[in-house]
Amino acid sequence: RRSGQYTMNHDHSKTPDGASFDRSGSQDSLDELSMDDYWKELENIHETRGNNQEERVALVVKEPDEGELEEEWLKEAGLSNLFGESSGDSLESVVFLSTLTRTQRAAVEKRVETVTQTMRKKNKHHQIPDVRDIFRLQNDSKGKVCDGNEPSTVRTSETKNEMQDGTKGPKFSLGTDEQKRPLEDMPSSDTDINLEISFSEQAANFKDSSVGKMCKGGGGDTLLPNFRVPKDKTGTTKIGDLAPQDMKKVYSLALIELTALYDILGTEFKQQKAVKIKTKDCGLFGVPLSVLLEQDQKKVPGTKIPLIFQKLIAQIEEATLETEGLLRIPGVATRIKSLCQELEAKFYEGTFNWENVKQHDAASLLKLFIRELPQPLLTVEYLKAFQDVQKLPTKKQQLQALNLLVLLLPEANRDTLKVLLEFLQRVIDHREKNKMTLKNVAMVMAPNLFTFHGFSSKTIEQREFVMAAGTANVMRFMIQYQKLLWTIPKFIVNQVRKQNTESQKKEKKDKAMKKLLKKMAYDREKHEKQEKTPNDADVPQGVIRVQAPHLSKVSMAIQLTEELKAGDIVARFLSQKSGNVQTLKKEEVFLYEIGGNIGERCLDDDTYMKDLYQLNPNAEWVIKSKQS
């Protein structure tokens, strides 16, 4: 046996053929008992699959040509106009690039360089910009050249709280090396997740420091750290709080940031590309999420989670979550097959008899639904990146990578994953009775999310054992830290604010902007007439005007104080009761920050308004429900 480095855990696990396998890194936290759950689940999957083989369509993952991956990556990141025929039209990209951190910039440069070399080789007659010219463009006005050789010399005047025209403006902390903090300034606790500084910058700083050199290794202690996000005075931003146009920017930034993080940590980040296959265009099992949602929204407008998925979870919970072995004990394979066929025929007609479905059957059907999706729930593009999270050196970096990957998932996949993880947590909450701990649940669910039928239907072999145990660890992370994973890091929100500010400066003559401003002015006038309030120009310093068109009190001037929070303002409006307006509950309405340097952002109740006002002084403040 090995030295007693991990005395609390078993040193070996058994592979399916009984061979002993010496584990390392992230595998140390998984003992033989829980690996048994994994292999049993895999056997159940193959048994179910055997009954269904005739319908299986393999999903081919396309091997990309040289430079193709990088070209695709730049398109995904919204930077396709840095190369090819449209490379002249890069004003928008210049704005975008000016907001990137040192490590993000390096990731973009690396990919542009590869595409450029490939194009030169292929002798394409496009205008092929030199990567250094692209980054020089954005720095000319600042009198600094960024050639990538001396990144630490690149400073943008904005970070010093000064606009290019010399006027003062809100200060954005972008987590760039311009405001690189020494390690002692970082949050003191190892379990604090710093969302203010770019993750890849943190990794670079950590790597360069002596502390970083000492702390290598993913470490395999059974207990996961109690990671937490320190309170942010300007409010925590969750997925769903931002307007679609800002979420597009979040996607591009998350992709670049994740790539930069993997680059710094020496892990290859490759998006897989699936060849399009013919999929079912109706039904329940084996139907793409987008198709399912389209047909479900005709029945339940606005639904974001497939109805069958919601119903199966409700069916499991209806009995009790205290059933021993819940999710682990399978339903009978032949019965599952016939229930499947019956559901396909009767679910939408409403004639299916749910009383015939036992709890373990419903759990098996839920897992079958996930496995049968024509593309994995974690998507073809990012499934491998999710698996590779286990290769990152520290648990904190693994969590940061998962946070960015969740931001990259399409909305339907992300919403469905969220409902699944919340359900799994509820199962774990009853572990005293059902004996399903976090580890057991992760073991049982990992094969359903990670061993995707389209890539290969052969049994996991011994060489894939590490992958098996590793994906179970990733699954544990996703369940344990789900609340953190649905947070948009502050440094990304600040980069979005900065992009919006820069774009507004460069596009003052844009018609759409004029139209929007006109409409806002008209709305403001209308509210003011209703309220007979003085003009905004008359609103004294340190006072904001909050609009609430759907409430009885339509508008109110609010004095900002150090302690005033968004929740206090909502409460103040709701206390102004009036008979002619529908009664809204506190949890139904929110204060929104609209315009200025953000499209629209729903504020959490603990947002300190004075701090946020300083960050976005030109915003409008509106109270409304999430639906309106």
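I began with a term I needed: two strands pair if DSSP finds at least two bridges between them. With that in hand I turned to this predicted model and looked up strand E5 (residues 543–547), which runs parallel to strand E9 (residues 620–625) and is joined to it by 2 bridges. For Gln547, I noted that the bridge partner in E9 is Val622.

Next I placed these two strands in their sheet, which is open, has 5 strands in the order E6-E5-E9-E7-E8, and shows mixed pairing. I then asked which strands stand at the edges. They are E6 (555–559) and E8 (598–602), and because each has a single partner strand, one side of each is left without a neighbour in the sheet. Neighbouring strands here are turned by 25 degrees against each other on average, with direction ignored. I also found helix H22 (residues 566–574) lying across E5, E6, E7 and E9, at about 115 degrees to E7 (589–595).

I went on to the cavities, of which the structure holds 6 of 30 Å³ or more.

Last, I checked confidence: the mean pLDDT of the chain is 77, and 69% of its residues reach 70 or more. Over residues 174–188 the pLDDT is below 50, although this stretch has 40 contacts in the model beyond near neighbours in sequence.

Conventions: Residues are numbered from 1 along each chain as its sequence is written. This is a predicted model: local features need pLDDT of at least 70, side-chain atom pairs count only at pLDDT 80 or more; totals for chains, interfaces and linings use all residues. Side-chain values use heavy atoms; hydrogens and water are left out. On a 1 Å grid over the protein atoms alone, a cavity is a set of points where a 1.4 Å probe fits but cannot get out, and a pocket is an open set with protein on both sides within 12 Å along at least five of seven lines; lining residues have an atom within 4 Å of a point. Grid points are joined across faces, edges and corners, and a volume is the space filled by probe spheres set on the points. pLDDT is the predictor's confidence in each residue, from 0 to 100. Contact means heavy atoms within 4.5 Å. Helices (H or I, at least four residues) and strands (E, at least two) are DSSP runs, numbered from the N terminus. Axes are lines fitted to C-alpha atoms, for helices over the stretch in contact, and angles run from 0 to 180 degrees between N-to-C directions.
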